[in-house]
Structures are given as structure tokens and as C-alpha cells.
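Open the model in your viewer and keep the selection tool at hand.

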Amino acid sequence: MVQDVTDKLQTFRRVLVTGGAGFIGSHFVRLLLAAGISEIRVLDKLTYAGNLANLADELSAPAVTFIQGDIADPKAVAAAMAGCDAVVHFAAETHVDRAILEPAPFIQTNVLGTQVLLNAALAYHVRRFVHVSTDEVYGEVLVGAVNEAAPLRPRNPYAASKAAADLLALSYYASYGLPVVVTRGANTYGPYQHPEKLIPLAITNVLEGKPVPIYGDGLQERDWLFVTDHCRAIAFALADGQPGQIYNIGAGNHRPNREVVRAILRLLHCSDEWITYVTDRPGHDRRYAVDPQALMALGWRPTVSFEEGLRQTVAWYQQRRDWWEPMKQGEFAAYAARNYGSRQRMG
Ligand code: NAD
Ligand code: TYD
């Protein structure tokens with residue numbers, strides 16, 4: 001499915017992917033490899049969310065180099081970026097519940113780390129800097145869908161840190177002419193997503209024989225974007241995006257959380273009794289919805305339906321217990337006790 005972007009990416013020789021050992025970044029490394037990019041550098045700190053197993057096959061390819069380092073460390077960034085003609089920046093702290101428990105790492109990585117990367121990109125004259133952001137920067141969109149001119153109204157520390165980084169990135173275009181493109185993707189799902197996020201949490205909990213916690217009434221709505229469609233969208237923005245522009249990425253798969261979890265339970269032949277309603281997330285955004293017309297004008301279209309994407313995702317987690325079981329121990333268990341331990345059962 002990378003056919004439609006392969007030709008477009010041929011002008012890039014050496015691409016730096018930050019956060020390439022995480023969920024979406026690792027799929028993007030696969031896309032670049034399939035497109036025949038001759039040198040792909042991955043810079044990743046390997047936080048709790050980074051996992052070299054996500055790149056198990058790709059790391060043996062001669063085109064791929066892995067560098068363990070922090071994007072907030074100017075020396076590590078300089079070493080990784082020297083000679084690159086493009087940067088695709090995924091590295092971030094990404095989980096809203098963790099941001100509510102402890103915001104500081106989100107400011108450090110998402111804001112300060114992004115600034116270190118932008119400075120280096122200027123110094124090395126990169127031809128394109130894609131800053132991968134999220135639809136959460138717009139805050140709640142209760143009706144319709146917003147375009148890129150909508151005001152930013154982030155309502156949790158994760159979304160606020162991403163909004164700050166977006167504005168910084170765009171300021172480097174306006175002030176210094178750095179060819180920055182910002183993408184704002186919707187909730188993404190698929191293989192290799194950390195089990196802290198709703199869809200993999202629901203699947204793996206059921207596979208472990210545990211209930212699935214739904215926050216509040218479960219009627220909060222997200223637009224679910226399959227990970228390979230998100231990566232193709234980023235590739236379109238990398239190849240053809242206008243410097244200084246923002247591109248929303250949405251698939252039009254709006255579903256209330258309750259319906260998402262029920263669909264997973266059906267795929268696993270389980271009843272709704274597996275659901276436990278628990279105390280809501282503070283400041284829980286009711287609905288996100290973006291209009292992806294600008295990106296569609298570049299030729300991008302989502303290709304994976306929610307039903308097909310969810311079927312593939314459930315099948316992957318059923319087959320890859322070796323991948324997720326270790327991730328649900330240790331650090332995750334401590335976080336989960338903190339996050340879920342403080343929530344009351346609602347029914
Ligand atoms: P993830 O949490 O799975 O991976 C993040 C990666 O960044 C990990 O490999 C981690 O080790 C690395 N990292 C964290 N801090 C770092 C640092 N200081 N230096 C270097 N590496 C560091 O995240 P994801 O879900 O793949 O998201 C990737 C990007 O896409 C993020 O910028 C996120 O805001 C954005 N995004 C995600 C979604 C989604 O639903 N997952 C939707 C829209 C946008
Ligand atoms: P999440 O996967 O954390 O993504 P985000 O907060 O970035 O949208 O959560 C998706 C939705 O699922 C969100 O509305 C919160 C809800 N949710 C639950 O109801 N229970 C859970 O255990 C988790 C992790 C999320």
C-alpha cells in the first residue's frame with residue numbers, strides 16, 4: 001500500500017525519524033524502507049513506550065541505523081541529523097492519562113525537545129521538517145469537523161504540549177524560513193500500539209481475562225484512523241506538503257468508545273458483561289473531528305475501513321502475546337495501579 005507514495009519520496013536520500021521505535025514511527029520506518037529510501041536514521045530515547053521489537057526486521061536492513069538518544073539533547077540530535085535532507089518528528093510523550101498524572105515529561109520532550117530538533121534542522125539546512133501532531137490540539141469539537149484555521153483549545157497537558165510544539169514549529173517557518181509541515185492526525189490504532197491506549201488495552205485485557213474499563217458514560221467520540229493510512233498521509237505531507245502549512249488527517253470513522261469496545265468484544269466472542277464503567281477522566285474531551293480536505297487535495301485517501309482495521313488489529317494481538325505480555329508487566333503495572341486504582345466502579 002505504499003505504491004502511491006513511493007515515487008513521491010524518491011527525492012529524499014537520508015531521512016531522520018524521531019520516535020521511530022514507537023507505534024506510528026515504527027510503521028513509518030517500514031513505509032520508508034518499502035519506498036526504497038537509501039538511508040533511514042531512527043533517533044529514539046527508548047522510554048517505556050519505545051521498543052526495538054517494533055523494528056525487529058527493519059533493524060537488520062542496511063538502510064536503517066538506530067541511534068538511542070534524547071531529542072532534548074543537542075549533541076545527540078546533531079549527531080543524528082548531520083547530513084539528513086528530511087526530518088519526520090514523531091518522538092513524544094503521548095498518553096493523556098499519564099499527562100494528567102505527571103505533566104513535566106510532556107513539556108520537556110514535546111516542547112523543549114521539539115525546539116532542539118528545530119534548531120538543528122536550521123543548522124543542517126534540512127529540506128523538509130514534518131512535525132507530527134494531533135487533532136487533540138483543537139480540543140473538543142462537539143459538532144461538525146474543524147479545518148486547519150480553527151483555534152487551538154487544548155484541554156489536557158498532552159494536548160497543550162503538542163499545541164505549543166506546533167506553534168513553535170510554525171514559528172520557525174515564519175521567522176527563519178525552515179520548511180516545516182505540521183500534520184494533525186486523529187486517534188490512530190493498529191499493530192504495535194502500546195497496551196496503555198484504549199483499543200490495545202481492551203483487546204489485551206480480554207485476552208488476559210480482565211474487564212475492560214470505560215471512562216464515564218463511554219459516549220465520547222473519536223475518529224479512528226488505521227496506522228498505515230496515517231503513515232501514508234504523513235508521507236504525502238513529506239513529499240508534497242507546502243512549507244508553513246498544516247494538514248489534518250482524519251478517516252471519517254467516528255465511533256463512541258462504547259461502540260469501539262463492543263466491536264472488540266464481538267470479535268473476541270465475548271459479551272458486554274466484560275465492560276466496567278469507571279470514574280471519568282478529568283477534563284475528558286467529548287469529541288474530536290477534523291476535516292482532511294487539504295490533505296485529500298494532495299491525493300491522499302484513507303484505504304482501511306474501521307471494521308477491517310479492527311479485525312486485523314485484534315488478530316495481531318491474538319497472535320503476538322510475545323510482544324505485549326512483557327509490556328503489561330513492570331512499569332505498566334505500576335502506572336495502571338496509579339491510573340485505574342484511583343477510579344471508582346460506576347456500574
Ligand atoms: P508512542 O508513545 O508509541 O511512541 C513514542 C516514541 O517516542 C517512543 O518510541 C519513545 O521511546 C520515543 N520518545 C519519547 N520521548 C523521547 C525523547 N525525549 N527523545 C527521543 N525519543 C523519545 O507514540 P505514537 O502513538 O507512535 O505517536 C507518535 C507521534 O504521533 C506523537 O508525536 C503523537 O503526538 C502523534 N500522534 C499520535 C496519535 C495516536 O493516536 N497514537 C494520533 C495523532 C498523533
Ligand atoms: P486513548 O487511547 O487514551 O486516546 P486519547 O485519550 O488520546 O483519545 O483513549 C481513547 C478514548 O478512550 C478516550 O476517550 C478515553 C477512553 N478510554 C477509556 O474509556 N478507558 C481506558 O481505559 C482508556 C485508556 C481510554
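Which element supplies the largest share of the shell around ligand 1? Select S5: with 3 residues, this strand gives the largest share. This is a predicted model, in which local features need pLDDT of at least 70, side-chain atom pairs count only at pLDDT 80 or more, and totals for chains, interfaces and linings use all residues. Residues are numbered from 1 along each chain as its sequence is written, chains are lettered from A and ligands numbered from 1 in the order in which they are written, and side-chain values use heavy atoms, with hydrogens and water left out.

Next, select the elements that each supply at least two residues of the shell: helix H2 (23-34), strand S5 (128-134) and helix H6 (157-176). Helices (H or I, at least four residues) and strands (E, at least two) are DSSP runs, numbered from the N terminus.

Now show the 29 residues around ligand 1 (a heavy atom within 4 Å). Ile24, Asp44, Thr94, Tyr158 and Lys162 come nearest.

Then look at polar contacts, pairs of N or O atoms within 3.5 Å. An oxygen atom of ligand 1 lies 2.7 Å from a side-chain N or O atom of Tyr158. A nitrogen atom of the ligand is 3.0 Å from a side-chain N or O atom of Thr109. At Phe90, a polar backbone atom is 2.9 Å from a ligand oxygen atom.

Finally, move to Gly177, in the loop between H6 and strand S6 (180-185). The C-alpha atoms of Gly177 and Pro282 are 39 Å apart.

Technical notes. Polar contact = N/O pair within 3.5 Å; in protein donor to acceptor, adjacent residues only side chain to side chain.
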